[in-house]
Amino acid sequence: MQFIPNKWYKILATLIVGYVLIYGLMLDLPTDVGILDESIRNLFYHVPMWFGMVLVLLAAWINSMMYLGKFNPKRDIYARELTNTGILMGLCGLTTGMFWAYNTWGTPWTNDPKLNGVAAGMAMYGGYWLLQKSINNQEKRARLTAVYNIFIFPLFVALIYIMPKIAKFSIHPGSGEAVNFKAYNQTHNMQYVFYPAVIGWTLLFVWIAELRSRHEIIKQKNENKKLFNSDITNQ
Amino acid sequence: MSVFAQTESMVRSGNKLFVVIGVITIIFILIVLYLIRLDLKITKLEKQQE
């Protein structure tokens with residue numbers, strides 16, 4: 001265990017997510033959540049995917065700006081791998097959301113401002129993913145993805161958070177005039193699982209992003225070594 | 001109302017919910033062990049490269 005770097009946040013992530021997984025199922029629920037019934041427990045699993053995704057993408061955005069400041073290749077790798085992990089979280093949120101919606105609203109997709117915003121936003125991050133896969137030159141890829149990332153993150157937040165908030169009608173909780181989870185929380189105990197859930201899931205995915213970044217750094221070092229060696233043999 | 005009563009008897013009475021909690025805990029522990037192994041492998045590669 002002593003060989004693992006930054007192990008404290010990893011232990012913390014494991015403990016918090018373990019607590020959320022177990023206590024989230026045992027918690028006494030408020031009785032009048034209507035159509036949601038027991039599925040209100042998804043608040044501890046589906047919602048933290050989105051909250052965590054925004055936090056992870058925010059970290060990626062900051063790394064992109066730092067890359068354009070000093071052109072440190074590590075910042076580019078952190079930004080790209082954090083974004084890739086954020087996209088993974090978004091996909092988790094999207095599929096779990098569709099499953100939840102199918103069992104609550106009777107359809108996996110509704111014409112709702114929150115869902116439409118997410119669809120457009122995920123398409124933008126799909127573009128980011130394609131962009132980084134389509135450029136082989138390390139520095140060119142780093143600069144282009146950094147600039148693109150700086151553009152899309154504020155747009156993404158506007159699409160998934162601000163637009164649904166100012167929309168008149170939405171059936172998705174937390175947007176428009178629809179209720180948010182505080183209205184359901186009549187037993188006043190759900191926040192003891194929900195906020196740790198956001199922190200725990202975020203840390204768990206940051207762990208995955210860290211592993212991906214370190215792997216990418218090893219890969220790039222190897223590639224640079226090969227380039228260097230082939231230069232020598234060519235001369 | 002009948003659906004409500006059903007779920008109540010299923011989860012709140014506590015019979016066999018512990019089985020689900022057990023399954024989820026086992027899956028989660030295995031995922032974490034997998035992540036730890038990956039972490040150790042990458043650390044080893046990093047040391048080799050230096």
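Author: Let us begin with burial: a residue is buried if 20 or more other C-beta atoms lie within 10 Å of its own. The model shown here is predicted. By that criterion, buried residues make up 32% of the 235 residues in chain A. In chain B, buried residues make up 4% of its 50 residues.

Reader: How does the criterion apply to a single residue; is A:Ala13 buried or exposed?

Author: A:Ala13 is buried, because 21 other C-beta atoms lie within 10 Å and the cut-off is 20 or more. A:Ala13 belongs to helix H1 of chain A. Apart from its neighbours within four places in sequence, A:Ala13 is in contact with A:Gly200, A:Leu203, A:Leu204 and A:Trp207. By contrast, the C-alpha atoms of A:Ala13 and A:Glu139 are separated by 34 Å, the two residues being 126 apart along the chain.

Reader: How much confidence does the predictor attach to chain A?

Author: Confidence is expressed as pLDDT, on a scale from 0 to 100. The average for chain A is 89, and 97% of the residues score at least 70. Within chain A, the highest mean, 96, belongs to H2(A), and the lowest, 74, to helix H6, residues 181-184.

Reader: Which secondary-structure elements does each chain have?

Author: Chain A has seven helices and zero strands, and its pattern along the sequence is α-α-α-α-α-α-α. Chain B has two helices and, again, zero strands. The C-alpha trace of chain A spans about 75 × 45 × 30 Å along its principal axes. Of the contacts in chain A with a separation of 6 or more, 74% are between residues 24 or more positions apart.

Reader: Which residues of H4(A) are buried, and against what do they pack?

Author: A general point comes first. An α-helix has 3.6 residues a turn, so residues three or four places apart point the same way. In H4(A), the buried residues include A:Gly117, A:Gly121, A:Tyr125 and A:Tyr128. The buried residues of H4(A) pack against H3 and H5 of chain A.

Reader: How many residues are in the largest nonpolar core?

Author: A nonpolar core joins buried nonpolar residues through C-beta atoms within 7 Å. The largest one has 42 residues, and those with the most contacts inside it are A:Val56, A:Leu57, A:Trp201, A:Leu204 and A:Phe205. Helices H1, H2, H3, H4, H5 and H7 of chain A each give two or more residues to this core. Leaving aside its neighbours within four places in sequence, A:Leu57 is in contact with A:Thr83, A:Gly86, A:Phe153 and A:Phe156.

Reader: How many residues of chain B are in contact with chain A?

Author: An interface is read from each side. Here 20 residues of chain B are in contact with 17 residues of chain A. On the chain B side, helices H1 (2-12) and H2 (17-49) each give two or more residues, and H2(B) supplies the largest share, 17 residues. By class, that side has 14 nonpolar, four polar and two charged residues.

Methods: Residues are numbered from 1 along each chain as its sequence is written. Chains are lettered from A and ligands numbered from 1 in the order in which they are written. This is a predicted model: local features need pLDDT of at least 70, side-chain atom pairs count only at pLDDT 80 or more; totals for chains, interfaces and linings use all residues. Two residues are in contact if their C-beta atoms, placed from the backbone, lie within 7 Å. Helices (H or I, at least four residues) and strands (E, at least two) are DSSP runs, numbered from the N terminus. Ala, Val, Leu, Ile, Met, Phe, Trp, Tyr, Cys and Pro count as nonpolar, Asp, Glu, Lys and Arg as charged, and the others, Gly among them, as polar. A residue is buried if 20 or more other C-beta atoms lie within 10 Å of its own, exposed if 12 or fewer, and partly exposed in between; C-beta atoms are placed from the backbone.
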